[in-house]
Structure formats: structure tokens, C-alpha cells
Amino acid sequence: MASAVLLEGITKRFPGVIANDGVNLDVAEGEIHAICGENGAGKSTLMKILYGMQPADEGRMVVNGEEVVFSSPKEAIDIGIGMVHQHFMLADNLTVLENIILGSEPTMRGGRIDFDEAREHIIEVGKDYGLTVDPDDLVETLEVGERQRVEIIKVLFRGAKILILDEPTAVLVPQEVEELFRNMRELKAEGHTIIFIDHKLDEVLEIADTITVIRAGKTIDTVKPENVTARDLAELMVGSELPTPETRESTVTDHIVIEAIDACADDDTGSRKMRGVTMKVHKGEILGIAGVEGNGQAEFVEALMGMRPLTSGSISLEGVRMKGWGTRRRREAGIGYIPEDRTRRGLLAGFPLWENDMLGHQSMEPFVKNGFWIQPDAAREHTKQVVEQFDVRTPSVDVAAHALSGGNQQKLIVGKEMAADLKVLIAAHPTRGIDVGAQAAVWEELRHARAAGLAVILISADLEELIGLSDRLVVMLRGELVAELDPSEVTPRDLGSYMTGAAVRGGGS
Amino acid sequence: MRRKLFYALAAPLAAVGVAVVISSIVLLFAGANPLDAYQNMWEFGTRLETLIATLNRATPLYLSGVAVAIGFRMNLFNIGVEGQYILAAIVAAKVGAEINLPPVLHVTVIIATAMAVGAFWAGIAGYLKVTRNVHEVISTIMLNAIAVSGVVSYLLGVWDVPDESLDTALPAIPESGWMPPLNNIVELFTQEIKRVELWGFLLVAVAVGVLYHFLINRTRIGFDLRASGENPTAAQVSGTDPKRMIMAAMLLGGAVAGLVGLPELLGDSHAYNLRFTRNLGFNGIAVALLGRNNPIGIAIGAFVIGWLDRASGVLEVRGDAPREIVAIMTGVIILAAVVAYAVVERKRRAEEASAAAAATASAKEEQEAWRAEQKQVGDGEGGGS
């Protein structure tokens, strides 16, 4: 079969790092080609080069038999390459139709937009590939899976024959993943070529025709899924065995550290987001909260941290109601928080690491004396220990946080929270967007926390992580805890059913 | 360490360089010889008397710059220093004239009054932002207009003592409420100073600068303030109450703004009158930008702008050029400084990022090597068994 895309010796250097180091990639026409690798392996850079977002320093690209050099994505689009980004690029307050035609509007005479033609075209595309969306829905009302379909249609609408999907499954629950895979197979049947980036190995094995593994900016191997196991792939990816998020023997005690009773709260617009949440976490226990994003987990975390008032019900720490306690008082009382969005909620990007270490502890020793005077030397010393203990790779504690890679930033955040004297640790998506090595380190720290007698509340979209680490699992759906499950019995598939409301089981069993 | 110094100095020096080039072009267009003009300015500007006058101008500019910088540190754009200081000056002048206290106490009361009025006026903008989410730029601009044309005119009308000079003026503060000049101290090191007095409020400005440094960099509230400015969400997650921080920044900035009119009031005019210097609040924004909110940087900025202002008079006297040329120069310096800071900052960031990346990369190599070693050990055992 002819090659749709052929990349040879692609090299891309950034100051201090080589993101791609002579990468070769051969994608046959009409196949689904998976690219696997750890975070930071250079997959995204490679795709950005192919999509014309960044120029390669060296190497050549051949698309449909012709050598090409792109200076912008527009040129890539013109020869039929489309990309669906991991973070959707949709305007929430426009309709599906408007989003799809945005930037390539079909026009009638006089420059007016031909909405009818566009609508017809979209419905046709939808029919051909099983990509069903209502063109007149507002994007803000759509579920994640639907938004993704809009992105795919957008790319097809521009006439793409080669589709690049950047971690398309990262935001989906298992049922939506199956839907996506059905769509991908239909696209393939219609003769499209799909390049997709993923690091969930069972998914890759299920859908891909060919798999290329990239590690540290180099092509390691190109394999066929029928010839390899998930284990083999993992070893190719990391160059050694893949860590797993399993906890060992139980450390759960019957001492209740934090307890919510019938807690309700609203979001900023006043709509009810927590409807009577009742739960408790014991000393030495990890409670996993599963749920599709937007079902009240974020509000629950904010309520625990004192950033969002309860409209009714209560949350108590060691039997003391925390009503009216501000965030600082809760932190001082021993609640630690690893936020879900580190750049937005966890870091002062332009500040040195030691001041970031102080963030959240700025009323406590050793960072301040008498709760007022900052002690830079003591703080630096503390940060040095955190950096050492949690293996944060940095030239010094005086560099600004933005200079660090995502994984190292996350290790710093986890480290600084864990280094404090805690009773409760709230970990929201603690391994989101970091590579396998850093992920394993974070898991290890959560296990340490549990063994040290902390009550840990773990919220994650990574179901394996939830099942592997938790002592107990609850599922949050539309602001309620709808199921309590034993992680040793439940599969990711079952969990997905509870998360989407397809299966129902009473809590508190 | 040397690098750090280079980065700190590169931008302002580049800015002044660019400003000199552009000003020269403007001077040429105005029909003047730039070299002559600069030489005249330098000769006049390096006289002891001009330097004293420069310090007198730089003192209120410095206070104004610090007042603005406190807001800047947490992303609040307090444009209201103008209204805050004028209102504070007139109320302080009235209070100072009405009371009669022993010397040090009298001055202290005047200073406290001015700070309280400034804080109150800025606090209105803070309150509106916290409770009604009114952007501080809008509210402080409005409050400037209300203060300068509304309240001040009204108060002058009510309190005015008509005197024979046709000048609207408030009664003067008695001598116990004056601040003595520092000429004696300066003259220990220099020749006799003629015709000008170095205002004593310079010492207060220095103290404010020191306090500002410690407050911002060495105290929790300063850290909370800076953190809120850098990333409000993260600051909130860390336990900082964003509304309290907004109020704190506005009140602190307003209190310092209240001091801006006092160097002149306590050191020279001793009464509020219509010749009272205006626009110090707006110039403070430029000074804060030039000084990058840094206590020493603001001092340098205040001195540069103060010097240009004082030394420029000679251009007109000697017939080189209209003194407005200095307004152009000041504007160019500020624009060039803002651009140069951005360029230097980007370079510094890139360098830091590559240093961090290098640290990670070398660690990765180590890791790879370790993995390979482990593998060998494993293989060896496998072979042996």
C-alpha cells in the first residue's frame, strides 16, 4: 500500500532539549496508525510539525507521494491534513454549525454565508460516518464526546483525508471511547487515514492497524498489534517495566478523620451541584471518587477547602464542624490539597520554587516566624528537602516555577503538600498530564500518605488509577454519590456504567 | 549573581539609549543642535542647586510611584493617586492650620490625616470592586474627577480665606507643623546651598521605601499580595481571601498616596493654594513602570524623571528648544523601558527554562543508564539460574 505520510529523520531542537531526534514514521494510506510514548517523548511535537504548526530543524516530509514543507497549518489543511487537538478549540456560545464553518464559511454571491448548504453538508458528513450531532445545538450544551465529534466533523468539513487525533480518549469515559472507535472504523472504511496519539495500551491494541513507539524523541519500533502484548508495548515505551498503581495491604483504621453529612452546595451561577453528599474517610484510607467531570466533584473539593459555602449539611474534621472556616484555617488544621489544574490553581509561575513551596503554608513554620515575618533561608532549606525527597529536577530552588516541566511541577506540588503536617489530603487528578515516571512517583507518595495515617480523598479521571489506589470507591453523578464499590471487584467498564448512570446501585453497602 | 545584575541593568540602560537617539532626532527637527542642548542640560543639571531641586521633585514622585506599585503588585491599576493625594493634601493642610501642637506631634498629626484621607478615597474604589465588581480603573478615574473638580473646589469655597494676592488659599500651617529643610546636613559634604532648600520629607520617603520593601518581600501580607497578583486562583486555593487582599492593597496604596502632597506642603508652601503641584499622581504611574515596582528601581525612576523636569528649564532659557521636548523624552524613555523589560524578561525566562531542561535531561540520562544496568543485572541472574 502507498504511504499517506512518510516522515524521515525529523529532528526538532528546543533550547536545552531535543524533542525529536531523527524520527521516522511511515503511515500507509487508509490505516489507523497509533503513536505511543510517554509524556514528553515527543509525540505532540512530531504532530505539530506534520500539521505545520512548527517547522522541523531537519528531515523531510512526504505526503501522498510529494515532498512538502509547511510554514503554517493552513498549508497542511490545503493538502488534506486535519488535526483534532486534545483540548477542544470550540467557541461555547456558537452553535455546532457556526463552529464547524468558522474560518471556512461557504459563501453565496455578495459574501453572505450559505448556512443551508453548510447544514446539508454537515448532515451528510454525519450520515456517512455515523457522526451524529444537531447542527443547531449550542456547543456549551454538548457533552464531551459530542464536542469531540464536532471537532472531527470540523476537520472533515475542510476536506481532510488524513486525520491527526491527539489523545482523543483522554477525556472520554469507556462507553464514549467505543463510540469514537466506531466512528474511526467508519472513517477508515471510507478511505481516510488516521494518525492517533495515545498511551492507553489496550485501546491502542484494539483500534490500531500499526503502532509506532517513540521514546525520548526517537523512533523505537513500529509493530503490528497482533504481534505484541500490552506489556511488550509498555516496555518499549518506558524502556523498562511499567509501574502499576496498586496499593498493598490495607492500613484502614476505624478512626473517622473527615466526614460530610448531607452536604449541599451550588455553583457560581446558583444551580445546585452537590445534592446531599454523605461520606466519611478514615485514618489510613484512600477514598476514590469516580465521576464524569462536571458532576459536582469540583464543587465538593471547593467545599472541603472552604472556598465554597455549603447551602445545607455539614463537613467535619475529627468531629469538629468546619462551618465558617476559611481556606487558611482549614489548611492550618491539616488539610492538604493537590489541585486538579496545577498552572491555574497550584502554582505562581513567575515565582521561585521556594515561594511556591510556601504557597498554602504562608502562615506556618518554618516559612514564617510569628505568622508574619517570612524566613527566606529557612524556606529555601525546606524547599531543598522537598526537591530532594520528591525528586524534582531543577537546577536550584531559586528558578521560577514556569521553567520546570509539567511532571516536575507536579512533583513539587505533591511534595510541598505532603511535606506539611497533614491529617487529610485531597488529591484531584494528581497524575493528569505527567509522564509514566512521575506518575509512578506520585502513586508511591499517595501510598506513603496512606501508610502514614492520612485520610486521602482521590479524585481522578484515570479509572485504573482509582481502582488501583483506592480502598473504597464512590461514584458521583449529578451531585450525588450514587454507588459505593469495592475496588478489588470492579472493572473500569463497570465503573464507567455507574459514572454515566447506565447502572445503578445504592451507596453505603 | 553578575548575570542577575546584568539583567536588572540592561533594560533601563537600553531604554535611556533609545530615548537619547529619538530625542536627538526630535531636537534636530526642532532646529536645535542636540549636542549643544545635552551639554547645556548637563551643565545646568549637575549644579548643586539643580540636584537639590531634583530631589525635591523626586520625593513626591517616589511616594506616588510606591503608591501605584503597591496596586501593581497585585494587578490593581490604581490610577486614582492623583485624586487621593490632592484631597489628602487639602484636608491635611486645613487640619494642620486649625490645630496647634508641639512640633513633632503637629507634623505627625498632619501626616496621619493625609494618610487616612488617601486611604479612605482609595478605599471607596476597593469597596466598589469587592462588593460590586467595579473595575478599579473606571472607579479611580471617576474618583479623580470627583476629588479634583468636585470635592476640592467645594472645600476651597467653604474654607477659603480671601487674601490680597487674588490667590485662593487656605490658611497657613503654623511653624510647629513645618518640616525643617535638610540643607545643614547636605552642606556637611558640599559647599553652601544657595536659594533652595532640600525638603525634609525626603527622609519620610526613604522610610516609606524601606517599609515597602520589607512589607512586600518579607511579610506574609506582602506575599499574599504578590501571590494574588501573580495568580489569584492559586492564591485563593492557598488560603488568601481575594477580597481582603483587594481592600488591603487599595488602602495601603491610598495611604501612601496621601503622602504625595506633603513634601511641598510641609517643606515649602505651608498652605494649600492654587499653585500646588498637580499631576504627580499620573507621573507616579510612569515612575512605577520605570522602576518595575522595585523600591530602588522606583527611586531611580523618580530621580531620572525629576531631573529631566528640573534640568529642562535651561533649554528654553538658552533658546535651544521648547522645554516640551522633555515631555517627549520622558515618554520615549518609558515606552522604551517597557519594551526593553519585556525583551529582557523573555530572554531571562528562556535561559532559565533551558537550564531546567538541562537538569531534567541529565537526570534522564542517569535514569536510562540505571535502567540499562538493572536490566543487565536481571539478565545476568536470568542466565545464571
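Author: Let us begin with Ala290(A), whose bridge partner in β21(A) is Val475(A). The model is a predicted one, in which local features need pLDDT of at least 70 and side-chain atom pairs count only at pLDDT 80 or more, while totals for chains, interfaces and linings use all residues. Residues are numbered from 1 along each chain as its sequence is written, chains are lettered from A and ligands numbered from 1 in the order in which they are written, and side-chain values use heavy atoms, with hydrogens and water left out.

Reader: How many bridges do β13(A) and β21(A) share, and in which sense do they pair?

Author: Strands of a sheet pair through backbone hydrogen bonds, either parallel or antiparallel. Two strands pair if DSSP finds at least two bridges between them; helices (H or I, at least four residues) and strands (E, at least two) are DSSP runs, numbered from the N terminus. Here β13(A) and β21(A) are parallel, with four bridges. β13(A) also runs parallel to β20(A), joined by five bridges, and Leu287(A) stands opposite Ile457(A) there. Ile457(A) in β20(A) also faces Ile426(A).

Reader: What is the order of the strands in the sheet?

Author: The order in chain A is β16-β19-β20-β13-β21-β22, an open sheet of six strands with mixed pairing. β16 (335–338) and β22 (480–485) of chain A each have a single partner strand, so one side of each lacks a neighbour in the sheet. From one strand to the next the twist averages 20 degrees. Helix α9 (residues 297–305) of chain A packs on this sheet, and its direction makes about 145 degrees with that of β16(A). Such axes are lines fitted to C-alpha atoms, for helices over the stretch in contact (heavy atoms within 4.5 Å), and angles run from 0 to 180 degrees between N-to-C directions. Helix α14 (residues 406–419) of chain A lies across β16 and β19 of chain A, at about 175 degrees to β16(A).

Reader: Is β13(A) buried or exposed?

Author: Buried means under 20% relative accessible area, exposed over 50%, and partly exposed in between (1.4 Å probe, protein chains only). Six of the six residues of β13(A) are buried, so the strand is largely enclosed by the rest of the structure. Glu285(A), Leu287(A) and Ile289(A) cover one side, with Ile286(A), Gly288(A) and Ala290(A) on the other.

Reader: Which residues does a salt bridge join to Glu302(A)?

Author: A salt bridge is a side-chain nitrogen of Lys or Arg within 4 Å of a carboxyl oxygen of Asp or Glu. Glu302(A) meets Arg345(A) in one, at 2.9 Å from N to O. Glu302(A) lies in helix α9 and Arg345(A) in helix α11 (residues 342–346) of chain A, so the pair ties together parts that are 43 residues apart in sequence. Both Glu302(A) and Arg345(A) are buried.

Reader: Where does Lys218(A) form a salt bridge?

Author: Lys218(A) pairs with Asp21(A), the closest N and O atoms being 3.5 Å apart. Lys218(A) is partly exposed, with a relative accessible area of 42%, and Asp21(A) is partly exposed at 31%.

Reader: How many helices and strands has chain B?

Author: Chain B has 16 helices and zero strands. Of its 385 residues, 49% count as buried.
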